[in-house]
Amino acid sequence: MKKLNLISAAFFFSALAAFSGQKPESLSVCDFQQNPLGMNLEPLTFSWKLPESPRPIYQSAYRIVVATNAQALEKFPDVWDSGKVKSNQNLHIPYGGRKVLSTEKLLWKVMFWDDADNASEWSQTNSLEAGLTDMSEWKNADWIKTSVGKIFINDRMMPCIFRKEFSVEKKIAKARLYIASRGIFEAHLNGKKIGDEFWGTGWTDYKKRVQSNTYDVTNMLNDGANALGLTLADGWFSGSMTWGNKECFYGKRPEIIAVLIITFADGSVKKINTDNTWKNAKSAILAADIYDGEAYDARLEENILGWDKTGFDDSKWLNADVANRQIAEAKGESLIEPRRNTPIRTIQTLKPISVKNPKSGVYIFDFGQNLVGSINMALKAPRNTVLKIRYAEMLNDDGSLYTENYRTADSTDYYIFKGESLEKWTPSFTYHGFRYVEFSGLPDESDVDENSLTALVWHNDMKQIGKFSTSNNLINKLQSNIIWGQKGNFFSTPTDCPQRDERLGWTGDAQVFAPTAAFNFDVSAFFRKWTLDLRDAQRPNGSFPSLAPAVAGGDGGPAWADAGVIVPWVNYLAYGDKNFLSENYEAMKLFIAYMKKDSTDYIRRDLGYGDWLQPYAENPRNTDTPRDLIATAYFAYSAKLTSKIALILDKKEDAKYFEDLSKNVAEAFTKKFVDENCIVGKDSQTAYLLALAFDLLPEEKRQQALDNLIKAIEKAGGHLRTGFVGTPLLANVLTRFGKSQEAYKLLLKESYPSWIFSINQGATTMWERWNSYSKKDGFGSAGMNSFNHYAYGAIGQWMYEKIGGFETSQAAPAYKETIFAPELGGGFTSASAQLESPYGLIKSEWKIQDKIFVWNITIAPNTSGKIVFPTDSVKNISAGNMSIQEWASKHNLLIDVCKSSGRIVLKNVPNSKYEFKVKLN
Ligand code: BGC
């Protein structure tokens, strides 16, 4: 800190000039929500960014004020005034005021003082508005469900529509609609869809909790008569679920509950609640299912024309059924809580790159990209024409759709034309993973072209914060495939795949991909919700399951169950919110206690999925790395992380306990699985990777284990032999132990198994298997052959950190201190990695020209950097026209040398933009 003060003193005068007029920016609450409406505010925290400034900028204090109205905010904040708080933190500052009331809207602003105690101006005013958190309000409404229609499959009902008319007699000040559903819905008011979201309030363990959405409908209401309409479908609640053809996992008929609160200008309030006076009827949707698709009969629209508008004659409609409140209460009714994750929206649209007409009436559209979501079709056809819409990720050799890998998921939509002018339709209550779409059933010579179909890319609305590119186009394609893998599988839960009869929150996949996910997109809200799903899914014995929400499977086993510790940790590192740790801490402790109990002399049992999908495994089910070895390694690792977490939460005794436990497990691991020649397990790559990555070996054995790992790679012809467990560790371990060139060789390997192999076979997303398809041998076994599985995309973290060249320091998370240390190699001549971090933009961009490494670095406001140059000699480094020595002394920085690598290091580099040049030998 002293050094920082010195630095700032040097910049004092110019900084002062730059400071005036500056103010905090990008105000947000909780998980970086700007002006949230109805998002979960528990616990409420405040964040902001310091403005970019031509000089380094640091915060020494802040003041936050919160008020119920603009006037109070200016003069006398009536809710909370933090006062001037000395702190260099501008992230996740805990709110210290009274409870935020249900539906309440508050205003807030913030100012800061820099490290010379200059006060900034006040920020702009932001708002936050609570959802309906008062359960008694929800209890005044009823959960309603369909009372009409026929059972279409097994015990399931057709999707249906509900309606209610009401009148507005006075001038409106504001109106909010609060909705929660067990099932998925679309809400309409006076003929228009409310909001731009799909998939209702998402998927949670509906037996325990349901999320609610809040909509501002003030401007959608009419004076006088109004009509509310709801469409409700099965979704995850009662739709198909898992590979076992299960249905109705949570219940037979989906349910919905809504509360419309209209506040009039005179202060009075009117409420419209769902109850048995709501009418319901069949809609034009014949069937809708998550896996199987949607069927829509546009001819039926005429029966319900204007159903969501006033004046519609619903006298023949039946009253909705109402869930029995007493039974629900006796069963311990599930909580309704404002949503934690952002909703699913159409994030992007794509036009086809080609349309083929292989047979009369059949058309195949190619979007050029495997994607997830839905479509919008726009076509004309005679009345009664039944359009069949099929989807596929790949084509067979003869150009037909390859759909075997969807397994039992039909993934087929139907549309029956009413036969008017252009008809447009989007199946909204199903979703598909596809690159190709086939239309069939159309009359000869239909007017079908690129304009007949648009693909809608759906996922939870997350801001893309990371960008990565290099001089190597294959690696750029890999990055693009990783991004698309993430887009396709961040769908309410982190899913394994988006297309077959699965699409489930597999914990292992999410755990290994989380660090990469956190680079590409802001996933904090997404994982805030999913870590709660994980806690809801924790088993009574303390183990975490393989799936969250837990709709199948038991104990997740090693690398899967450990998501309960690792995912909160990854999010804490990426976004800096300690609540990620405290919220999950008790669950972590239970989990570690379970593992201890489930072990004999610290060795865990043979359980779990092994090094899932390891190529060339002798025993594909158990793979080449013994499962008790993987389980024991992960036990040690999770205990160690829990120890670190305990320390951060200031629980010193716990920290010591978990640290000792982790050491004991590591010792037992070495004793049981490592022989005198340091062969770990059965000499598999993954066994060495686990031992090295998780620090399980005594210091003196590490080098030998590393040598054995390198030999194991050589024995495999320079290929990886790793599955879901080993692959994410591979490049990280090699770099950590000074073998980045080996990591580059693996990364750039083109033959099977490798990352580039799939790219050379035409991949546009990450595949489940290294050889899900090859030009030579065709498709892998359809039993498990997803073309959109993000797990192997876990290499993305290494690409950002080691090729691009920056990572957060663990001691100062969320990039409060960024370590810039690219590993050159692989023939790359340039790379650019950037991240809109919680503190602001961080960038490492380099190119090599005539053996000179030209490096541009941006360090975010209120943070500092540690710069590790790719050279061991100060003579090679310059900054502008200065030698690095001159430059460092001008900036009051000391030049250091990294003990292990011999590289030149600058520590505590103030935030700013820099350009360095390094002569390469
Ligand atoms: C899923 C995986 C998952 C695995 C566990 C598969 O069916 O698709 O990605 O991790 O099962 O064994």
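**Helix α12**

Helices (H or I, at least four residues) and strands (E, at least two) are DSSP runs, numbered from the N terminus. The model described here is predicted: local features need pLDDT of at least 70, side-chain atom pairs count only at pLDDT 80 or more, and totals for chains, interfaces and linings use all residues. Residues are numbered from 1 along each chain as its sequence is written, and side-chain values use heavy atoms, with hydrogens and water left out.

Just after α12, Asp-650 adopts a positive phi of about 65°. The helix itself covers residues 627-648, 22 residues in total, and reaches 31 Å from its first C-alpha to its last. This is close to the 32 Å expected at 1.5 Å a residue, the expected span being 1.5 Å times one less than the number of residues. Helix α12 is mostly covered, with 17 of its 22 residues buried (under 20% relative accessible area; exposed is over 50% and partly exposed in between, with a 1.4 Å probe and protein chains only).

**Ligand surroundings**

The ligand is surrounded by Asp-496, Arg-500, Glu-502, Trp-506, Asp-509, Trp-560, Tyr-609, Trp-612, Phe-724, Glu-768, Met-784 and His-789, each having a heavy atom within 4 Å of the ligand. This shell divides into six nonpolar, one polar and five charged residues (Ala, Val, Leu, Ile, Met, Phe, Trp, Tyr, Cys and Pro count as nonpolar, Asp, Glu, Lys and Arg as charged, and the others, Gly among them, as polar).

Polar contacts are pairs of N or O atoms within 3.5 Å. A side-chain N or O atom of Asp-509 is 2.4 Å from an oxygen atom of the ligand. For the side chain of Trp-560 the corresponding distance to a ligand oxygen is 3.0 Å, and for a polar side-chain atom of His-789 it is 2.9 Å. Taken alone, the ligand exposes 310 Å², of which the protein buries 96% (Shrake-Rupley method, 1.4 Å probe).

**The seven-stranded sheet**

Seven strands form an open antiparallel sheet in the order β37-β46-β47-β48-β54-β50-β51; two strands pair if DSSP finds at least two bridges between them. The edges are β37 (466-470) and β51 (882-883), each with a single partner strand, so one side of each has no neighbour in the sheet. Within the sheet, β50 (residues 877-879) and β54 (residues 913-919) run antiparallel and are joined by two bridges. Ser-878 stands opposite Lys-917 in β54.

**Gly-311**

Gly-311 is located in the loop between β23 (293-297) and β24 (318-319). Gly-311 is exposed, at a relative accessible area of 69%. Between Gly-311 and Glu-886 there are 81 Å in space, C-alpha to C-alpha, and the two are 575 residues apart in sequence.

Terms used. Polar contact = N/O pair within 3.5 Å; in protein donor to acceptor, adjacent residues only side chain to side chain.
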